[in-house]
Amino acid sequence: MGPGRTLFFPERHCPVNLLGRSLLFPCEALPYGISYAYLNFLIRSPQPLDEERAWREITGSVPPVIGFVRDHWPLRPLRWWLLQAKLRQDHLLGISAHYDVSNEFYELFLDKKYMFYTCADFKRSDDTLEQAQQHKADHILGLIDPKPGEKILELGCGWGAMLKRIYEHTGDKENLSGITLSQEQVKFNKERNGFQVEFDNFITRQYQPQAYDVIYSIGAWEHVRPHEIAPLAKKVFDALKPGGRAVHHYFCRVTPELFATAICSQLYFPGSIGSAYVDNMKAFEGAGFRITARSIHDYRPTLRAWFDNLVANRKRALELVDVQTYNRYITFFAASWKYFDEGRGMLVRWVMQKPA
Ligand SMILES: C[S@@+](CC[C@H](N)C(=O)[O-])C[C@H]1O[C@@H](n2cnc3c(N)ncnc32)[C@H](O)[C@@H]1O
């Protein structure tokens, strides 16, 4: 096993026939809970899933007694113990397992212009994903309010979507940079966009004090573990010039309660766990920031749009990735939709000001 790697929640999923999966179900439900065992049952199918059926089953309602067991088993101490073991593992293992799948695979379902892998703003029910991501990019651009010559850094820049929008606006590439822990994304940004994107861990990185006018992150803070939030908020604060601003788009748990279903996140983001809204607020305010703007956004239409795009491109997807990876993303979009639909998660956007 590699650095800090644990036996729990392996990064890879092997195909298993129906009998094997049926036997594995109780073995996994006992330590990890029924949601985890059920999603893994689907992911391990040697055939691509019947997508609509999987969507219906994952997003549908369950009888109250099943819902209770789903939320409370494994009991809190066991839940924490399992997760803590996983949260000691090197971030790189989990990030690489999720993002270094294949750039072309992601191109099959993300919006064509920017390739945002984060919640879009659907203003009307008939907005396309492209339009909705444009709305989001424009909204965040307004929050960042970038000016040519300003030093701007994105933490967790993905395929360079927001860097692209900022560059369209300022025409300044020199002062714009990003960080990612995905080698595939570094390659993509270099070859396609020519952006300065560094392969590094933005959590452990040492930042130069007062080096940036703006530091922002879109959908990357979800990978920051609860105990890392306050120290990282302080690092971001210190790396900003006086009067600098941070823009922060991320989803978090509405309440501090960590239900057993949170264990399912290890199927998709091994080594990451969502944090509570209140803990983020305390961390940023504790670091010295003043939160000057907040908004809440609905992730569900984006998740359904990615799901539809992936299903529409199933043939090509299965040429690029194995069946279990395909199944994993199909269940990921549906399970995440359910998480937001039940009001457990909340997507927020903040602007934070460092005093001048
Ligand atoms: C959901 S993607 C969002 C990408 C992009 N911001 C967007 O809006 O499309 C999360 C990004 O955060 C990066 N990331 C997560 N944890 C990281 C870490 N500790 N250090 C560097 N990058 C990280 C991932 O590599 C990925 O690029």
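Q: Which residue stands opposite Ser217 in E4?
A: Leu155 does. Helices (H or I, at least four residues) and strands (E, at least two) are DSSP runs, numbered from the N terminus. Two strands pair if DSSP finds at least two bridges between them. Here, strand E1 (residues 152-155) runs parallel to E4, with 4 bridges joining them.

Q: What kind of model is this, and how are residues numbered?
A: This is a predicted model, in which local features need pLDDT of at least 70, side-chain atom pairs count only at pLDDT 80 or more, and totals for chains, interfaces and linings use all residues. Residues are numbered from 1 along each chain as its sequence is written.

Q: Is strand E4 mostly covered or mostly uncovered?
A: Start with burial. A residue is buried if 20 or more other C-beta atoms lie within 10 Å of its own, exposed if 12 or fewer, and partly exposed in between; C-beta atoms are placed from the backbone. Strand E4 (residues 212-218) is mostly covered, with 7 of its 7 residues buried.

Q: How many bridges link E4 and E5, and in which sense?
A: E4 and strand E5 (residues 240-253) pair over 6 bridges, in the parallel sense. Within that pairing, Tyr216 stands opposite Val247 in E5.

Q: What unit do E4, helix H11 and E5 make?
A: A crossover is right-handed if, with the strands pointing away from the viewer, the path from the first strand over the helix to the second runs clockwise. E4, helix H11 (residues 226-239) and E5 make a right-handed β-α-β unit.

Q: Which residues of the largest nonpolar core touch the most other members?
A: In soluble globular proteins, nonpolar side chains tend to be buried together. A nonpolar core is a set of buried Ala, Val, Leu, Ile, Met, Phe, Trp, Tyr and Cys residues joined through C-beta atoms within 7 Å. The largest one holds 94 residues; Ile215, Ala246, Ile263, Phe307, Ile330, Phe333 and Ala334 touch the most other members. Helix H16 (residues 323-341) gives the most to this core, 9 residues.

Q: What does Ala246 touch?
A: Two residues are in contact if their C-beta atoms, placed from the backbone, lie within 7 Å. Leaving out residues up to four places away in sequence, Ala246 touches Ile215, Tyr216, Val236, Leu240, Phe289 and Met352.

Q: How many residues surround the ligand, and which are the closest?
A: A residue is near a molecule or strand if its C-beta atom, placed from the backbone, lies within 6 Å of it. The ligand has 23 residues around it; Thr118, Gly156, Gly158, Ala220 and His223 are the closest. The largest share of the shell, 3 residues, comes from H6.

Q: How do the shell residues divide by type?
A: Ala, Val, Leu, Ile, Met, Phe, Trp, Tyr, Cys and Pro count as nonpolar, Asp, Glu, Lys and Arg as charged, and the others, Gly among them, as polar. The shell around the ligand has 13 nonpolar, 10 polar and no charged residues.

Q: Why does Val254 count as partly exposed?
A: Because Val254 has 14 C-beta neighbours inside 10 Å. Val254 is in the loop between E5 and helix H12 (265-268). The C-alpha atoms of Val254 and Val278 are separated by 8.2 Å, though 24 residues apart along the chain.

Q: Where is the cis peptide bond?
A: Trp73 and Pro74 are joined by one, with omega about 0 degrees. Pro74 sits in the loop between helix H4 (64-72) and helix H5 (76-86).
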